[in-house]
Amino acid sequence: MKNFSITQWEDIHKNNEWNAILLGNGASIAIHKDFSYQTLHSVAEENGSLKIAAKIFEDFKTKDFEHVLLACRYAERVNSALGNPENQISVAYEEVRKALIEAVHSVHPQHSGITPDLERVGIFASKFKTIVSLNYDLILYWAIMLFNSPEKNNGTWFKDAFLKGGNFETDWCFLRQPRPSVKGATLVFYPHGSLFVARNDNGDESKIAVPKENHKENDLLRSITDKWSSERYVPIFVSEGTSEEKLAAIYRSHYLTHVYERVLPKLGESLVVYGWAFDDRDQHVLDAILKKTEIKRMAVSVFSDYPDADPQEFCCRVDNAVCQYKSLGRTIDVTFFDSKSPDCWNNPSSEGTSA
């Protein structure tokens, strides 16, 4: 097997600028270990929260909460339109939503417990022009809100293309220009959605607006799940399933479809990948990035702390995954760096300070 060199983040970035970064589940696990739990569906099953709705998940052959919630809502509306209200469907819908809320709260950290990590993540992430996060959680969102806060004096550096009112701006290229008095701009997208992206009963998709006072109280997660309950929002995020199932979920959403078709293929000439396993279940992401790409350089983080981790096997997997696009004329220079490198993601600098 080919031997791959694994270097430090400093060696990767000191003489190179990087256009974009893609964040996988390992980025969240680096901050909160509970995100390594297999699936939210597994959490709900273990908690015994899906007594009625388990049959629906089984019949649909899915573990996707958004898919089942949406199916229940459509069934409710069809029955109502036909004058045949079916209480069992409403009960199942409420059970699924409650199970999802409980599962999310059981695995998600509190803001106050990870504030130092959020500080470092915001500084690190601001070095890129574009961030695409495959994670549904609020860690990146909290980090960029903290970086953008008036106390930090960075201005509105991070932008997610959701404008006032929570509507997504499809013509977002103008947002790349820094606002007056702001030194830079980073655009943030969520190809698999997030807890704060939701669809209402009319099918309209938006970012859930949360009162400013709740940002200060660090109660964003509670505010979001309250919205799911009080206003019958269906959250839009893809956290599990095969690549084909995830792609089907993406195409059920206008926002996810736009990010998949318009953002992922245009990340620039250089891409950093942090905490992503290059798993077959995310083949659709790799296709979107590399089939029609400008990328010439890719730097991939390698995690080696697990007892059974084989860094060289992982590097070989990445190399094979990228090489499959050579037939399309794509030649990409891939380098590897240690995910625990100083100044990288939430890791302190070698001097013990933030990046």
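Predicted model: local features only at pLDDT ≥ 70, side-chain atom pairs only at ≥ 80, totals over all residues.
Residues are numbered from 1 along each chain as its sequence is written, and side-chain values use heavy atoms, with hydrogens and water left out.

I placed Glu76 in helix H5 (residues 65-81); helices are DSSP runs of H or I, at least four residues, and strands are runs of E, at least two, numbered from the N terminus. Leaving out residues up to four places away in sequence, I found that Glu76 touches Ile89, Ser90 and Arg232 (contact means heavy atoms within 4.5 Å). From Glu76 to Asn87 I noted 8.6 Å, C-alpha to C-alpha, across 11 residues in sequence.

Next I looked up the largest nonpolar core, which has 114 residues; such a core is a set of buried Ala, Val, Leu, Ile, Met, Phe, Trp, Tyr and Cys residues joined through side-chain atoms within 4.5 Å. Its largest share, 9 residues, comes from helix H6 (residues 87-107). Phe189, Trp228, Phe278 and Met298 have the most contacts inside this core. Beyond four places in sequence, Met298 touches residues including Trp18, Leu271, Phe278 and Ile332.

Last, I searched the whole structure for disulfides (cysteine sulfur pairs within 2.5 Å) and found 0. For Cys316, the nearest cysteine sulfur is that of Cys315, 8.7 Å away.

Notes. Buried < 20%, exposed > 50% of the residue type's maximum accessible area, 1.4 Å probe, protein only.
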